[in-house]
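Dear colleague,

I am passing on the structure that we talked about, and I would be glad if you kept it open while you read. My notes on what was found in it follow below.

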Amino acid sequence: MPKETKDYEKYFQPPSLTDAKKRGKEDIQVHYDFGIPEEMTVFGKDKYYYIQTYGCQMNEHDTETIMGLLEQMGYQSTEDRRQADVILLNTCAVRENAEDKVFGELGHLKHLKIEKPSLVLGVCGCMSQEEAVVNRILKKHPFVDLIFGTHNIHRLPLLLKEAFFSKEMVIEVWSKEGDIVENLPKKREGIKASVNIMYGCDKFCTYCIVPYTRGKERSRKPQDVLAEVRDLARQGFQEVMLLGQNVNAYGKDFEDSEYRFGDLMNDISKIDIPRVRFTTSHPRDFDDHLIEVLSKKGNLVEQIHLPVQSGSNEILKRMSRKYTREHYLDLVAKIKQAIPDASLTTDIIVGFPGETEEQFEETLSLVKEVKFDGAYTFIYSPREGTPAAAMADDVPMEVKKSRLYRLNDILGQFSKECNENYKGQVLEVLVEGESKNNAEVLAGRTRTNKLVHLTGPKELIGKVVPVKITDAQTWYIKGEWVPAAVAN
């Protein structure tokens, strides 16, 4: 008899703008009763795991949870893929080159799987939420043992058990948004910690796959977020990064409360932790109350990441960003008036379908007006399943590259100018560790998130110390520890 093929269609479906925008008001359940089944707490005894993470801080945060789950199952971390009994690729779906890297990595890992058939090889994260990706793995990489998505990470212990004992690929990718599962274990390393305050996105920018891979917006309850931040403070973490696809939409899904992101930031400002940041903001949801709260500073640092994507109203409209150039500039002016020393960074896409030279020049003029401290800049590439993918990708690649170089030149000039202004100042620097390029030099960050290379003893690592800035480069500044000084 022919082997019965498993029906995977119930586990995932292709992105659909129509279906996604019909998102209902069904209640998101919050679960507080998570626990590893007792029989699974020794499942990984004397076994090792290796995780390769691609993409954004949300993916990195998911990896912390996956590591926490695996270690509660008895697994130990390893950097040696040949030693690993479980290898997971936690993937990003935002850009095509990230996807290409994952498939290239799967090609390399095939040889490991042949040498060690007991190895469990899994793909998780945002790419797993796309039907085309899963189909490609089924057809071209059948040696993969496990595929799971972004909504069901808490199911990993059971999925891993099934993958070990199953003779076919285990796939569980929930197309419906998951509920919120609290009390998941996390393995955090270092002195900085990330805290998810919400999941999903409802903005549906035409180029972006995130509303499909991460689902609809759902906010964690304030008391759960605050309890997690307090616990991190007790553990001695020096900095917390609040995460969400659109953090300043926090609380808008609460039906029984008017508690919003500004309220959450105000409450977190009262917790004894040296620094609090957040990412990423959407200009449409950045309200006056939030600006007022941030202007009080304290442990709320004066660094704001505010993606603009384009300086052209026509392109912004085609991107479905739902704000105008004028609205963005007004918002920047409000922020600068309330927080004059705020550091502003942004995201910009060049070469969006139909972008003319004149429209690109509008982006350059906006950059010159705002004088961003830094930016993540990207060449547009279509993502299958998004509305923009159906638009004619009509800007030639050489034009896209030329625009990117021109944009980055201007951004580099502003970054250098900004850094020059710090020379002679004494700044508060959180020392994070040794410089990647020179173990004799320490590296840290200012409140405005500027990278600082400094001289000083290794005992400074993990501490916030005063540093006098002596030199400025384009993307970092240099300084020396001055023990008796008081930071500006």
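Notes on the structure

Asn449 has its place in the loop between strand E18 (442–446) and strand E19 (451–455). Please keep in mind from the start that this is a predicted model. The backbone at Asn449 has a positive phi of about 75 degrees, although Asn449 is not a glycine. Because its relative accessibility is 27%, Asn449 counts as partly exposed, since that class lies between the limits of 20% and 50%.

Ser320 also has a positive phi, here about 60 degrees, and is not a glycine. You will find Ser320 in the loop between helix H10 (313–319) and H11. Is Ser320 buried or exposed? Its relative accessibility is 17%, and so Ser320 counts as buried, the limit for that word being under 20%.

Helix H11 itself, residues 325–338, is packed against helix H12, residues 357–370, and the two axes come within 11 Å and cross at roughly 10 degrees. That angle is why H11 is described as roughly parallel to H12, a term that applies to angles under 35 degrees. On the side of H11 the contact involves Arg325, Tyr328, Leu329, Val332 and Lys336, and these meet Glu362, Ser365, Leu366, Glu369 and Val370 of H12. Sorted by class, the residues of this contact are five nonpolar, one polar and four charged.

A second pair of helices can be described in the same way, as two packed helices are described by the angle between their axes and the distance between the axes. Helix H7 (residues 222–235) and H8 pack at an angle of about 30 degrees, and their axes are 11 Å apart. With that angle, H7 is therefore roughly parallel to H8. The crossing of H7 and H8 is a right-handed one. From H7 the contact takes in Val225, Leu226 and Val229, while H8 brings Leu264, Asp267 and Ile268. In the contact of H7 with H8 there are five nonpolar residues, no polar residue and one charged residue.

Leu242 belongs to strand E12, and, because its relative accessibility is 0%, Leu242 counts as buried. Once neighbours within four places in sequence are set aside, Leu242 is in contact with a number of residues, among them Val229, Phe261, Met265, Ile268, Phe278 and Thr279. Between Leu242 and Gln52 there are 190 residues of separation in sequence, and their C-alpha atoms are 22 Å apart in space.

Asn248 is located in the loop between strand E12 (239–243) and helix H8 (261–268). At 4% relative accessibility, Asn248 is likewise within the limit, and so counts as buried. Which backbone atom does the side chain of Asn248 reach? The side chain of Asn248 comes to the backbone nitrogen of His282, at 3.1 Å. Leaving out neighbours within four places in sequence, Asn248 has contacts with Phe261, Thr280, Ser281, His282, Asp285, Phe286 and Leu290.

Thr280, which is one of the residues in contact with Asn248, deserves a separate look. Thr279 and Thr280 are joined by a cis peptide bond, with omega at about 0 degrees. Thr280 sits in the loop between strand E13 (275–279) and helix H9 (288–294).

Key: Residues are numbered from 1 along each chain as its sequence is written. This is a predicted model: local features need pLDDT of at least 70, side-chain atom pairs count only at pLDDT 80 or more; totals for chains, interfaces and linings use all residues. Side-chain values use heavy atoms; hydrogens and water are left out. Helices (H or I, at least four residues) and strands (E, at least two) are DSSP runs, numbered from the N terminus. Buried means under 20% relative accessible area, exposed over 50%, partly exposed in between (1.4 Å probe, protein chains only). A polar contact is a pair of N or O atoms within 3.5 Å; within protein, one must be able to donate a hydrogen and the other to accept it, and residues adjacent in sequence count only if both atoms are side-chain atoms. Contact means heavy atoms within 4.5 Å. Axes are lines fitted to C-alpha atoms, for helices over the stretch in contact, and angles run from 0 to 180 degrees between N-to-C directions. Angles under 35 degrees count as roughly parallel, over 145 as roughly antiparallel, 65 to 115 as roughly perpendicular and the rest as oblique. A crossing is left-handed if the near helix is turned anticlockwise from the far one by less than a right angle, and right-handed if clockwise. Ala, Val, Leu, Ile, Met, Phe, Trp, Tyr, Cys and Pro count as nonpolar, Asp, Glu, Lys and Arg as charged, and the others, Gly among them, as polar.
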